[in-house]
Amino acid sequence: MAATAETALTTHHFDFTLISVPFYGTIFQMKRAHTKTLELIFSRPVSANVRWADIEALFLELGATITEREGSRIAVVLFGQVQVYHRPHPRPTTDKGAIASIRKWLESNGVKP
């Protein structure tokens with residue numbers, strides 16, 4: 001028996017969370033991994049265990065364009081704005097100041113966990 005699109009969707013479990021992104025005027029489906037990163041960014045006290053790769057993946061999930069700049073800097077274009085961040089090295093975790101800055105930027109554009 002051939003599987004239809006309807007039965008194919010019902011046989012797989014997709015783990016998504018819906019968030020509202022006012023800039024785009026839509027409700028956004030986000031994978032659980034990105035939702036977890038967003039929750040870590042908004043946690044109090046600020047977490048010291050947020051991987052930079054996870055933050056970049058979250059930016060991309062929200063529709064950002066990321067371009068390389070000088071040294072370890074990257075430019076993130078999202079919400080019609082450009083933010084420049086320093087990609088941490090040699091450790092993969094992001095410092096608390098950068099996380100607070102990212103939280104403030106996301107919050108000012110209506111993104112919340």
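Which residues does Val-82 touch, not counting residues up to four places away in sequence? Hold that thought for a moment, everyone.

First, a word on the model: it is predicted, so to speak of local features we need pLDDT of at least 70, side-chain atom pairs count only at pLDDT 80 or more, and totals for chains, interfaces and linings use all residues. Residues are numbered from 1 along each chain as its sequence is written, and side-chain values use heavy atoms, with hydrogens and water left out.

Back to Val-82: it touches Ala-75, Val-76 and Val-77, where contact means heavy atoms within 4.5 Å. Val-82 sits in strand β5, residues 81–86. Its C-alpha atom is 9.6 Å from that of Ala-64, 18 residues away along the chain.

Zooming out, the protein has four helices and five strands, in the order α-β-β-α-α-β-β-β-α from the N terminus. Those are DSSP runs numbered from the N terminus: helices are H or I, at least four residues, and strands are E, at least two.

Now the inside. The largest nonpolar core has 22 residues, and Phe-59, Val-76 and Tyr-85 are among those with the most contacts inside it. Such a core is a set of buried Ala, Val, Leu, Ile, Met, Phe, Trp, Tyr and Cys residues joined through side-chain atoms within 4.5 Å; buried means under 20% relative accessible area, with a 1.4 Å probe and protein chains only.

Beyond its neighbours within four places in sequence, Tyr-85 contacts residues including Trp-52, Phe-59, Val-76 and Trp-105. Overall, 31% of the 113 residues count as buried.

Conventions. Buried < 20%, exposed > 50% of the residue type's maximum accessible area, 1.4 Å probe, protein only.
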